[in-house]
Amino acid sequence: MHFVRKILRLPRNSISLKVLLAYFIGVVLSLICIGLMIALLSAQNSKLLLSTNLMDTVEGAADELVFNSQNWPVAVIDDEEGEQNWFFFDSMSEDAAFRVITPTGEIALSSKAGEDFWPADPELKQISNAHFEFTKHGLHVQGASATREHNGQLWIVQLAISSRFLNLVDKHIAVPFMAQGVSVFGLVLLLVFSLCAFITLGYTLAPLRKLSESAAAISPRSLHTRLPLDKVPAEIAPLVSNFNQVLDRLQHGFQVQQEFLATAAHELKTPLALIRAQIEMKAPGAERDMLLNDVSHMTRQVQQLLLLAEVSEPQNYQFSQVDAAAVVQEVHQYLLPMADATEVQVQQTPSGQVIWQADKAALFTLLKNLLENALQHAPSNSAVEIRIEPQGLTLRDYGPGVSEEQWAKLFVRFWRGPHRRDHGAGLGLAICQEIALAHNWTLTASNAAPGLRFHLQLSD
């Protein structure tokens with residue numbers, strides 16, 4: 001039943017389903033061909049088959065003749081069972097007969113039908129090792145004869161069966177038996193072939209399922225991974241090889257993009273510092289303040305771009321045992337001036353030691369960005385709650401939250417919420433997501449009504 005249910009769950013465009021269907025159609029067509037061949041042979045060669053069967057039977061009877069001490073035939077006994085083979089001829093005396101005669105025509109042994117069954121034709125008694133026919137009371141009879149030599153004496157064994165009985169056997173016994181045999185053979189063949197095909201497909205397609213799992217696991221952070229070619233079917237190997245080449249080009253393009261981002265941001269730092277110094281030399285005024293604000297905004301964007309390029313590279317991480325609660329305290333102290341300026345209280349529970357496996361610098365950046373984002377959106381005289389546990393962290397503010405239209409943009413680069421106090425680069429949450437992915441963590445957000453709740457879940 002499990003085998004059937006598994007087949008029924010296969011999609012319509014499945015290779016397994018198509019191969020199994022091909023096996024099924026092949027078996028059905030084979031059985032149809034076998035049935036047609038048997039029917040054709042039976043219809044066209046029934047006489048030839050009958051002659052062959054009669055000759056085989058009479059030759060077997062000749063070999064099984066038993067003689068008495070006077071070298072006279074007395075019975076036909078099956079060597080294996082030790083029983084006389086007279087039941088058929090005695091019970092069907094109107095349609096079958098058996099006799100043993102000498103070359104001179106003397107009857108030595110006969111079945112129950114006796115001589116009345118046989119025509120009074122002297123030539124019939126002389127036929128040996130051949131097939132013959134005759135008519136008895138309008139009934140067509142077919143027969144065969146064979147010879148047996150015993151102690152220098154030749155004996156002729158003859159048997160005859162009416163066409164009426166042969167047609168009866170052929171119609172009610174042979175054909176149904178043959179049909180049942182073909183049906184049973186077909187069913188066994190279908191089950192065996194289907195099972196073999198199913199097992200073969202499962203074994204053959206197993207490497208493809210592993211390839212699919214490996215391909216699904218490839219992400220921008222694991223572009224160095226390549227699909228294995230061992231145990232892959234020869235027909236699929238070129239596809240896997242080409243896919244790996246695509247990954248090579250994709251990895252190269254991604255690295256070029258990251259290098260360009262980092263280089264561009266790095267090259268912008270010095271000009272911005274010079275521009276800021278020149279602006280600060282100007283006389284105080286509204287224009288000077290506006291220019292300094294723009295330069296500060298651009299400088300923050302450059303710093304965030306550099307940080308984004310750094311956290312996007314797996315080789316930049318150094319994992320170790322880190323006290324996450326202590327890192328939260330460091331972040332709190334770092335952003336305390338911002339919290340005081342916005343009149344927002346940061347509440348952390350619990351304050352005890354909580355050990356995580358992480359990169360300490362990256363964890364600091366992640367927590368700093370989350371808390372900074374909360375401080376930018378939390379209303380004055382409210383609180384930001386941080387709850388840290390061995391398996392994760394929850395951070396909540398009591399700000400306006402996020403609308404349904406904004407959910408898809410929450411972790412998108414350069415997107416900024418409409419309620420924040422400053423004009424940030426829009427990269428803080430994107431950086432948090434990159435750091436979480438690098439640690440194999442899950443960072444999610446949900447509306448807390450009021451406010452927004454971020455949940456960081458560590459991997460098991």
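# Cores, helices and hairpins of a predicted model

Leu371 touches Val331, His332, Leu335, Val346, Val384, Ile386 and Leu395, leaving aside residues up to four places away in sequence. A second, separate core of 22 residues includes Leu54, Met55, Ala62 and Val100. The structure is a predicted model.

**The largest nonpolar core**

- The largest nonpolar core has 42 residues, of which Trp356, Leu363, Leu371 and Leu393 touch the most other members.
- At least two residues of this core come from each of H8, strand S10 (355–358), H10, strand S11 (383–389), strand S12 (392–396), helix H11 (428–438) and strand S14 (452–457).
- H10 provides the largest share of this core, namely 8 residues.
- In soluble globular proteins, nonpolar side chains tend to be buried together.

**Helix H10**

- Helix H10 covers residues 360–377, 18 residues in total.
- From its first C-alpha to its last, H10 reaches 26 Å, close to the 26 Å expected at 1.5 Å a residue.
- H10 is largely enclosed by the rest of the structure, because 15 of its 18 residues are buried.
- The N-terminal end of H10 is capped by Asp359, which places a side-chain oxygen 3.2 Å from the backbone nitrogen of Ala361.

**Helix H8**

- The buried residues of helix H8 (residues 324–334) include Ala324, Ala325, Val327, Val328, Val331 and His332.
- Viewed down the axis of H8, its buried residues fall within an arc of 160 degrees, so they line one face of the helix.
- An α-helix has 3.6 residues a turn, so residues three or four places apart point the same way.
- Gln333 and Tyr334, on the other side of H8, are exposed.
- At the start of H8, Asp323 has a side-chain oxygen that reaches to within 3.2 Å of the backbone nitrogen of Ala325.

- S12 is mostly covered, with 4 of its 5 residues buried.
- S11 and S12 run antiparallel and are joined by 5 bridges, and the hairpin between them passes through 2 residues.
- Within this pairing, Glu385 stands opposite Arg396 in S12.
- S12 also pairs with S14 in the antiparallel sense, over 5 bridges.
- Leu393 stands opposite Leu456 in S14, and Leu393 is also among the residues that touch the most other members of the largest core.

- Strand S6 (residues 139–150) is mostly covered, since 9 of its 12 residues are buried.
- Strand S5 (residues 130–136) pairs with S6 in the antiparallel sense over 7 bridges, and the bridge partner of Phe132 in S6 is Gly143.
- The hairpin formed by S5 and S6 has 2 residues between the strands, and His137 in the turn has a positive phi of about 50 degrees.
- S6 is also joined to strand S7 (residues 153–162) by 10 bridges, and these strands run antiparallel.
- Val141 has Ser162 as its bridge partner in S7.
- The hairpin of S6 and S7 has 2 residues between the strands, and Asn151 takes a positive phi near 55 degrees in it.

Conventions
Residues numbered from 1 in each chain as written. Predicted model: local features only at pLDDT ≥ 70, side-chain atom pairs only at ≥ 80, totals over all residues. Heavy atoms only, no water. Buried < 20%, exposed > 50% of the residue type's maximum accessible area, 1.4 Å probe, protein only. Pairing = 2+ DSSP bridges. Expected span 1.5 Å × (residues − 1). Polar contact = N/O pair within 3.5 Å; in protein donor to acceptor, adjacent residues only side chain to side chain. Arc of directions from axis to C-beta. Core = buried A, V, L, I, M, F, W, Y, C linked by side-chain atoms within 4.5 Å. Contact = heavy atoms within 4.5 Å.
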